[in-house]
Amino acid sequence: MSDPRFPVGRFIPPTSPLGSAEREPLLGDIAEAPAQLRAAVAGLSDSQLDTPYRDGGWTVRQVVHHVPDSHSNAYIRFRLALTEDKPTIKAYREDQWAELADARTSPVEVSLALLEMLHVRWTTLLRSLTEEQWRRSFLHPELGEVALYRNLALYAWHGRHHAAHITSLRSRMGWS
């Protein structure tokens, strides 16, 4: 791994709509993300949870709390895109959210449990979408129009990306 910011590589968006065979592994990634994150932090002490995953990066605790923050926003964006015509969504300052007291100090179990229940709902929703619904989109104030199939690929990557931040740190530090 040459860049600790991207332990699974940078996100590469799909260039065209995804068929059901292409979506299925991504749906599996979404479904498995909570278990992967839970496994990544299993057995870590508070001092380990408060260790940055890289120089200048968030602590493991902040990473864990960031994932349900981000995935909650993604879930809502899916729901908006499915019920409105190209809604403009609200962006949020993830860097500032990570500095709030709950993200810096709360037990990780709070966010692990939140993520698990969120992903039950989200996976149920995602598996119900028709081909036409996968092509629906929302307008992101910084990224422009984002199709739901692209957002699926992004968040499948996102869960793996952050779990790997933690597992890579564990490996570098020799934490079993």
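**View 1. A hairpin of three residues joins strand S1 to strand S2.** The model shown is a predicted one, in which local features need pLDDT of at least 70 and side-chain atom pairs count only at pLDDT 80 or more, while totals for chains, interfaces and linings use all residues. Residues are numbered from 1 along each chain as its sequence is written, and side-chain values use heavy atoms, with hydrogens and water left out. S1 covers residues 137-140 and S2 covers residues 144-147, and the two pair in the antiparallel sense over four bridges; strands are taken to pair if DSSP finds at least two bridges between them. His 140 lies opposite Gly 144 of S2. Helices (H or I, at least four residues) and strands (E, at least two) are DSSP runs, numbered from the N terminus.

**View 2. Helices H3 and H8 pack at an angle of about 175 degrees, their axes being 11 Å apart.** The two helices are therefore roughly antiparallel to each other, a description that applies to angles over 145 degrees; axes are lines fitted to C-alpha atoms, for helices over the stretch in contact, and angles run from 0 to 180 degrees between N-to-C directions. Among the H3 residues that meet H8 are Val 67, His 71, Ala 74 and Phe 78, and the H8 residues taking part include Leu 152, Tyr 155, His 158 and Ile 166. By class, this contact has 13 nonpolar, seven polar and one charged residues.

**View 3. Helix H3 is mostly covered, with 18 of its 24 residues buried.** Buried means under 20% relative accessible area, exposed means over 50%, and partly exposed lies in between (1.4 Å probe, protein chains only). The end C-alpha atoms of H3 are 35 Å apart, which agrees with the 34 Å that its 24 residues should span at 1.5 Å a residue; the expected span is 1.5 Å times one less than the number of residues.

**View 4. Val 60 and His 71 are two residues of helix H3.** Val 60 is buried at 0% relative accessibility, and, leaving aside neighbours within four places in sequence, Val 60 is in contact (heavy atoms within 4.5 Å) with Val 41, Leu 44, Gln 48, Leu 49, Thr 51, Ile 166 and Leu 169. The C-alpha atoms of Val 60 and Val 108 are separated by 9.1 Å, although these residues are 48 residues apart along the chain. His 71 is likewise buried, at 0% relative accessibility, and touches residues including Leu 115, His 119, Trp 122 and Tyr 155, not counting those up to four places away in sequence.

**View 5. Helix H6 spans residues 108-128 and reaches 30 Å from its first C-alpha to its last.** This reach is close to the 30 Å expected for its 21 residues at 1.5 Å a residue. Its buried residues, among them Val 108, Leu 115, His 119 and Trp 122, pack against helices H1, H2, H3, H7 and H8.

**View 6. Lys 86 lies in the loop between H3 and helix H4.** Most residues other than glycine have a negative phi. Lys 86, although not a glycine, has a positive phi of about 45 degrees, and with a relative accessible area of 40% this residue is partly exposed.

Note on methods: Angles under 35 degrees count as roughly parallel, over 145 as roughly antiparallel, 65 to 115 as roughly perpendicular and the rest as oblique. Ala, Val, Leu, Ile, Met, Phe, Trp, Tyr, Cys and Pro count as nonpolar, Asp, Glu, Lys and Arg as charged, and the others, Gly among them, as polar.
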